[in-house]
Amino acid sequence: MGASRNFEAPARIAAIAPYLWMVLFFLVPFYFILKISLSQTAIAQPPYEPQFDLSQGLEGLKAAAAQLSVENFRLLVIDDLYVFSYLRSVVVAAVSTLILVVLGYPVAYGMSRLSRGWQALAMLAVIVPFWTSFLIRIYAWINILQRDGLLNDVLMALRIISAPLVWLSTDTAMYIGIVYSYLPFMVLPLFATLSKLDASLLEAAADLGCSRRQAFWLVTWPLSLPGVGAGALLCFIPITGEFVIPDLLAGSGQMMIGQTLWGEFFTNRDWPVASAIAVVLLIVLLLPLLVYDRLQRKQLEAR
Amino acid sequence: MSARALTRLSPFNMVSLALGFAFLYVPLVILIVFSFNASRLVTVWGGWSTRWYAELLNDAAMIEAAWMSLRVGVTSATFATVLGTMAAVALSRGGGFRGRTLFSGMLNAPLVMPEVITGLSLLLLFIAVEVGRGFWTVTAAHTTLTMCFVTVIVQSRLNDLDRSLEEAAMDLGCSPARAFFAVTLPMIMPAVAAGWMLAFTLSLDDLVIASFTTGPGASTLPIRIYSEVRLGVKPQINAICTLMVAFVALIIVIASLVSKLSSARGGSAAPL
């Protein structure tokens, strides 16, 4: 008892360095995003006019506050391009997450039925692609989906199609890429939940006359919902801001918000608008982020 | 229906496992096989060859980018492991302290935060403080992202540990610092090592954050690959991707061996 008290104070000292680091490199940057999103575009380097600056004290702040520009945010609302980008991102993320649950659940469920030795191997097999670069995995699909790629070759050899289909630069390709890339994020939390389920509950269900299917829907599924939630958030939040996958696999028509932000920043060099996009995206994702933070905290501290 | 039948592997389970793993692995296998294709046309098989690997050796820009990625990866993973382990110790053993909620929130958010936001916000910070962009800015950015992963891995290991060992060490006269280095650290070492390796591979893989935070002339490997991939499929790209997959697979095998070794000595396996 006395000993654990003894350990607490020095353990807290260990927080100082990472705390300062995260404040400097995670929290403070949001101040700059906010600041620049309220600035105006300028042809200069860096390409924006600072509109408020804490270093000028209260007087400077008052003077600047009078001319703060919400122009960038107005633009986001007025211009359909941005509204559609946000909508598309949320829809794509939601649809992908749904597909991921439907595809990932049977895999995680099957894994939870394996013996312990096989479970460890299956875990490793899910983790290997998770550790391999996103970029490489998307590139692998470009190999398969291009016009004279393997998918068309196989479909034509099987005489399912007579002429090559266009796969690349379509929404189908983008969904394949997203589901492929995020499948481990869905399977791992689901598996963690399913493998901890108490088998005696299923025995009880069987004793009470449940069929296999009834036992699944009445016992396993409700008890695995926390895992479904964790996996869904782990996929939904980053997919909403995804850039690489839609950029390389989707067509050039409608863009997801990550692409729009990237384009405003790197192509148009409009930093204030890019920052405003990021601020709004953050607001859109705030609720799922808070729920995720709660889940994560519960999982790490409940023991 | 008996209870046994309810927990058995059904044909449905087997089919979904087989299809799931095929989906995960077939694209990677195809990528690797075609990196050994003699033909310049990526999809026409022209016999086995290692010529694309030889051509990589002459690609000075690619090699320079790989060297940059390696340096950033090793440096940022090392910083991230030290900082992440300290954060994990504070969260797991520090009890309730002022600012704890903000602290763990800041460490959880980057795990799922879209990379475009993290990258843009860090770049704006670097511009504001007028620091020259290149190796150190990318390294700092990667440290920030990957230390959060290290924290999760080490923290869950610390939570599983028996605290009575630390307490016994201190009852026997160890200072808290000595108890940590003599008792706690050796026991969490597999998780710390796994954290380092995850941090390293995440850094090696990152495209978006590196694109925002790097400066002119300092490309990492993913930035270089991305600019080539945008132009289409090339056998050299298959070759460099194959090398990266092999490298990462090697790291994972080492990591799982390390954690298996340690679990043989009593602890549970580190959550890789």
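Helices and strands are taken here as DSSP runs, a helix having at least four residues and a strand at least two, and they are numbered from the N terminus. Read in this way along the sequence, chain B follows the pattern α-α-α-α-α-α-α-α-α-α-α-α. The structure is a predicted model, and the values below were computed from its atoms.

The secondary structure of chain B amounts to 12 helices and zero strands. Its C-alpha trace spans about 70 × 70 × 30 Å along the principal axes. Of the 272 residues in chain B, 50% are buried. When contacts in chain B between residues at least 6 apart in sequence are considered, 77% of them join residues at least 24 apart. Chain A comes to 14 helices and two strands. Buried residues account for 45% of the 303 residues in chain A. Among the contacts in chain A with a separation of 6 or more, 69% are between residues 24 or more positions apart.

Chains A and B touch through a contact that takes 88 residues from chain A and 81 residues from chain B. On the side of chain A that touches chain B, helix H2 (residues 16-37) of chain A gives the most, with 14 residues. By class, the residues on this side of chain A are 63 nonpolar, 14 polar and 11 charged.

One helix pair across the two chains was examined. Helix H5 (residues 80-112) of chain A and helix H2 (residues 11-35) of chain B cross at roughly 115°, and their axes come within 8 Å. The crossing of H5(A) past H2(B) is left-handed. H5(A) contributes A:Pro106, A:Val107, A:Tyr109, A:Gly110 and A:Met111 to the contact, and H2(B) contributes B:Asn13, B:Met14, B:Ser16, B:Leu17 and B:Gly20. Six of these residues are nonpolar, four are polar and none is charged.

Within chain B, helix H9 (residues 176-205) takes part in two helix pairs, with H8(B) and with H4(B). The axes of helix H8 (residues 163-171) of chain B and H9(B) come within 9 Å and cross at roughly 130°. This angle makes H8(B) oblique to H9(B), since angles of 65 to 115 degrees count as roughly perpendicular and those over 145 as roughly antiparallel. The crossing of H8(B) and H9(B) is right-handed. On H8(B) the contact involves B:Leu165, B:Glu166, B:Ala169 and B:Met170, while on H9(B) it involves B:Pro176, B:Ala179, B:Ala182, B:Val183 and B:Thr184. The contact of H8(B) with H9(B) has seven nonpolar residues, one polar and one charged.

Helix H4 (residues 60-93) of chain B packs on H9(B) at an angle of about 140°, with the axes 8 Å apart. H4(B) is therefore oblique to H9(B). H4(B) passes H9(B) in a crossing that is right-handed. The residues of H4(B) in this contact are B:Ser69, B:Val72, B:Gly73, B:Val74, B:Ser76, B:Ala77, B:Ala80, B:Thr81, B:Gly84 and B:Thr85, and those of H9(B) are B:Val192, B:Gly195, B:Trp196, B:Ala199, B:Phe200, B:Ser203 and B:Leu204. The contact of H4(B) with H9(B) consists of nine nonpolar and eight polar residues, with no charged residues.

Helix H6 (residues 115-128) of chain B has 14 residues. From its first C-alpha to its last, H6(B) reaches 20 Å, close to the 20 Å expected at 1.5 Å a residue. A residue counts as buried if 20 or more other C-beta atoms lie within 10 Å of its own. By this criterion 12 of the 14 residues of H6(B) are buried, so H6(B) is largely enclosed by the rest of the structure. The buried residues are B:Glu115, B:Val116, B:Ile117, B:Thr118, B:Gly119, B:Leu120, B:Ser121, B:Leu122, B:Leu123, B:Leu124, B:Leu125 and B:Phe126. After H6(B) comes B:Glu130, which has a positive phi, near 55°.

In chain A, A:Asp207 is placed in helix H10 (residues 199-207). A:Asp207 has 12 C-beta neighbours inside 10 Å and therefore counts as exposed, the cut-off for exposure being 12 or fewer. A:Asp207 and A:Thr97 are 110 residues apart along the chain, and their C-alpha atoms are separated by 35 Å.

Key:
Residues are numbered from 1 along each chain as its sequence is written. Chains are lettered from A and ligands numbered from 1 in the order in which they are written. This is a predicted model: local features need pLDDT of at least 70, side-chain atom pairs count only at pLDDT 80 or more; totals for chains, interfaces and linings use all residues. Two residues are in contact if their C-beta atoms, placed from the backbone, lie within 7 Å. Ala, Val, Leu, Ile, Met, Phe, Trp, Tyr, Cys and Pro count as nonpolar, Asp, Glu, Lys and Arg as charged, and the others, Gly among them, as polar. Axes are lines fitted to C-alpha atoms, for helices over the stretch in contact, and angles run from 0 to 180 degrees between N-to-C directions. Angles under 35 degrees count as roughly parallel, over 145 as roughly antiparallel, 65 to 115 as roughly perpendicular and the rest as oblique. A crossing is left-handed if the near helix is turned anticlockwise from the far one by less than a right angle, and right-handed if clockwise. The expected span of a helix is 1.5 Å times one less than its number of residues.
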